[in-house]
Amino acid sequence: MRIAVLGAGSMGHGIAQVSAMAGHEVVLRDIEPDRVEAGIEGIRENLQGGVDRGKVSEDTMADTLGRIESETDLESAVHDADLVIEAVPEDIDLKKQVFSDVEDATATGTIIASNTSSLSVTEIGSALDQPEYAVGLHFFNPPHLMDLVEIVIAEQTSEQTEKAAIDYVQSLEKEDVVVRDTAGFASSRLGVVTGLEAIRMVEEGVANPADIDEAMRIGYGYPMGPLELTDLVGLDVRLHIAEYLRSELGERFRPPQTLRRKVRAGNLGKKTGEGFYVWEDGDRVGMSGDWSNDT
């Protein structure tokens with residue numbers, strides 16, 4: 001299968017990597033050459049980390065990189081793709097425009113998927129003349145380490161498109177969960193509730209971020225706590241999703257003031273070096289602000 005991934009950020013280049021590792025031919029596209037190169041470098045670093053830990057062979061790394069092309073021109077990236085996956089920012093108008101542009105540049109029958117974590121795939125797919133080819137493929141961050149992909153079935157998605165999406169996810173040797181299109185789907189709806197409540201607990205002085213995260217990691221088997229995950233996803237992204245879910249599902253998704261203040265201050269998590277934790281060279285090195293001296 002030939003796959004075009006639109007957006008070379010952390011999600012996009014991760015999706016490109018797992019697709020290429022599964023033997024698919026991949027085009028990774030972004031609007032600027034520097035962004036594409038940064039995405040390719042991210043894939044290279046992920047693979048090298050696997051080699052260093054003995055999880056990935058040198059041959060697998062070379063073969064994977066050899067299956068990935070870089071591109072900045074949309075039409076060149078998608079014109080012969082069997083599957084196009086957009087991983088652009090969580091803006092519904094942007095995603096609808098991308099879907100429409102992709103449909104114009106591809107043959108009838110090309111499946112167009114959104115990696116949105118919470119927005120309506122039905123609304124995004126409404127931008128298509130043939131919306132039966134629209135589907136959601138919600139990968140989890142980071143895609144090369146997380147085993148789950150949420151397949152979101154829009155109102156217009158055909159059975160053929162659903163089957164093709166399931167076959168693709170299974171080709172990656174990942175677990176698929178099929179959900180109907182509703183605000184927040186299953187995973188984001190539950191995950192955001194947990195993350196917002198963890199932030200409220202910090203506001204109320206129940207415990208510091210590290211202790212809250214350890215409680216969920218050790219007590220409930222989370223791979224990482226909800227506050228560290230918020231830093232990884234981006235506080236601005238979490239705020240945007242919470243506001244969307246609030247508008248769709250009610251006040252239980254009202255964002256805490258601490259989240260709003262941090263976003264206003266530009267403390268967006270790992271990508272800016274500080275959120276609920278302080279980050280250096282991609283590693284968590286301490287807690288931020290009032291909790292920086294806690295043990």
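**Figure 1. Asp281 in the loop between strands S9 and S10.** In this predicted model, Asp281 belongs to the loop that joins strand S9 (277-280) and strand S10 (283-287). Its phi is near 50°, a positive value in a residue other than glycine. Most residues other than glycine have a negative phi. Asp281 has a relative accessible area of 82% and is therefore exposed, the cut-off being over 50%.

**Figure 2. Glu173 in the loop between H7 and S8.** The loop shown runs between H7 and strand S8 (175-180), and Glu173 lies in it. Glu173 is not a glycine, yet its phi is positive, at about 60°. Is Glu173 buried or exposed? Its relative accessibility is 72%, so Glu173 counts as exposed.

**Figure 3. The peptide bond from Asn141 to Pro142.** This bond is cis, with omega near 0°. Most peptide bonds are trans. Pro142 sits in the loop between S6 and strand S7 (148-153).

**Figure 4. The aromatic pair of Phe139 and Tyr168.** How many aromatic pairs does a search of the whole structure find? The search returns 1. Phe139 and Tyr168 make up this pair, with 6.5 Å centre to centre and 65° between the planes. The geometry is edge-to-face because the angle between the planes is over 60 degrees. The pair links distant parts of the chain, 29 residues apart. Phe139 comes from strand S6 (residues 134-139), and Tyr168 from helix H7 (residues 159-171). Phe139 has a relative accessibility of 2%, so Phe139 counts as buried. Tyr168 is buried as well, at 1% relative accessibility. Both values fall under the 20% limit for a buried residue.

**Figure 5. Thr161 and its contacts.** Thr161 is another residue of helix H7. At 1% relative accessibility, Thr161 counts as buried. Which residues does Thr161 contact, leaving aside its neighbours within four places in sequence? They are Ile111, Glu132, Tyr133, Ala134 and Val135.

**Figure 6. Glu123 in helix H6.** Helix H6 (residues 121-125) holds Glu123. With a relative accessible area of 36%, Glu123 is partly exposed. Not counting residues up to four places away in sequence, Glu123 touches Ile92 and Lys96. The C-alpha atoms of Glu123 and Ala8 are separated by 24 Å. Along the chain, Glu123 and Ala8 are 115 residues apart.

**Figure 7. Packing of helices H9 and H10.** Helix H9 (residues 209-220) packs against helix H10 (residues 226-233), with their axes 7 Å apart. The angle is about 110°. H9 and H10 are therefore roughly perpendicular to each other. On the H9 side, the meeting residues are Pro209, Ile212, Asp213 and Met216. On the H10 side they are Pro226, Leu227 and Glu228.

**Figure 8. Thr230 and its contacts.** Thr230 is also part of helix H10. The relative accessible area of Thr230 is 0%, so this residue is buried. Thr230 touches Leu235, Arg238 and Phe276, not counting residues up to four places away in sequence.

**Figure 9. Charged side chains over aromatic rings.** Phe276, a contact of Thr230, has the charged end of Lys262 over its ring. Lys262 sits 5.3 Å from the centre of that ring. Tyr277 has Arg284 over its face. Here the distance to the ring centre is 4.0 Å.

**Figure 10. Packing of helices H8 and H12.** Helix H8 (residues 187-203) and helix H12 (residues 257-264) have axes 8 Å apart and an angle of about 90°. This angle makes H8 roughly perpendicular to H12. Leu196, Ile199 and Glu203 are the H8 residues at the meeting point. Gln257, Thr258 and Leu259 face them from H12.

**Figure 11. The annotated stretch, residues 3-182.** An unreviewed UniProt entry places the feature "domain: 3-hydroxyacyl-CoA dehydrogenase NAD binding" at residues 3-182. Over residues 3-182 the chain is 43% helix and 22% strand. The end C-alpha atoms of this stretch are 26 Å apart.

Notes:
Residues numbered from 1 in each chain as written. Predicted model: local features only at pLDDT ≥ 70, side-chain atom pairs only at ≥ 80, totals over all residues. Heavy atoms only, no water. UniProt positions renumbered as here; feature names shortened; annotations may be inferred. Helix = DSSP H or I, 4+ residues; strand = E, 2+ residues; numbered from the N terminus. Phe/Tyr/Trp six-rings, centres within 6.5 Å; stacked < 30°, edge-to-face > 60°. Buried < 20%, exposed > 50% of the residue type's maximum accessible area, 1.4 Å probe, protein only. Lys NZ or Arg CZ within 6 Å of the ring centre and 35° of its normal. Axes fitted to C-alpha atoms, helices over the stretch in contact; angles between N-to-C directions. Parallel < 35°, antiparallel > 145°, perpendicular 65-115°, else oblique. Contact = heavy atoms within 4.5 Å.
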